[in-house]
Amino acid sequence: MPQLLLNLHTFSILQQQHQQQQQQQFQSPTITPSSSSPPPTSVTLPAPASPPQDTTHTPSKRRKCLTVKQRTILMALFEQDKSPDSDTLRGITGKVGMTLRQVQYWFQNKRAALRRLRISQGQVVDF
């Protein structure tokens with residue numbers, strides 16, 4: 001984890017330096033780097049005071065809780081068919097007001113939970 005923070009900090013500093021170089025070139029386009037001096041081979045970085053703040057990252061979406069009605073419908077359908085096909089899943093999305101992907105994940109997670117339960121009880125897992 002400390003290595004990751006150092007890499008993020010290094011990236012942040014290099015990005016800032018690049019932006020400064022671009023701004024300097026934009027402000028004074030006649031200045032060109034000297035070709036006689038070799039490029040630097042290493043960069044000395046100051047110790048980070050705090051973790052870098054990434055302003056481009058959007059916060060993750062919050063999970064939505066299922067309503068009692070949605071859960072009841074999904075459980076009833078799960079009892080009938082543990083692995084519905086794509087057409088059936090599309091039909092379910094209209095009934096419960098969820099996206100296709102949410103319904104797919106719900107069935108996938110429910111099968112996994114049932115599989116874990118059966119394994120812990122020593123039963124044969126068969127779907």
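Which residue forms a salt bridge with Asp87? The legends below answer this for a predicted model, in which local features need pLDDT of at least 70, side-chain atom pairs count only at pLDDT 80 or more, and totals for chains, interfaces and linings use all residues. Residues are numbered from 1 along each chain as its sequence is written, and side-chain values use heavy atoms, without hydrogens and water.

**View 1. The salt bridge of Asp87 and Arg90.** The partner of Asp87 is Arg90, with the closest N and O atoms 3.5 Å apart. A salt bridge here is a side-chain nitrogen of Lys or Arg within 4 Å of a carboxyl oxygen of Asp or Glu. A search of the whole structure finds one. Both residues lie in helix H3, three residues apart, about one turn of the helix. Asp87 is exposed, at 58% relative accessible area. Arg90 is partly exposed, at 48%. (Buried is under 20%, exposed over 50%, partly exposed in between; 1.4 Å probe, protein chains only.)

**View 2. The largest nonpolar core.** It has 11 residues, including Leu89, Ile92 and Val103. Such a core joins buried Ala, Val, Leu, Ile, Met, Phe, Trp, Tyr and Cys residues through side-chain atoms within 4.5 Å. H2 (68-80), H3 (86-96) and H4 (100-120) each supply at least two of its residues. H4 gives the largest share, four. (Helices are DSSP runs of H or I, at least four residues, numbered from the N terminus.)

**View 3. H2 against H4.** The axes, lines fitted to C-alpha atoms over the stretch in contact, come within 11 Å and cross at roughly 60°. Leu74, Met75, Leu77 and Phe78 in H2 meet Trp106, Phe107, Lys110, Arg111 and Leu114 in H4. (Contact means heavy atoms within 4.5 Å.)

Definitions and conventions: Axes are lines fitted to C-alpha atoms, for helices over the stretch in contact, and angles run from 0 to 180 degrees between N-to-C directions.
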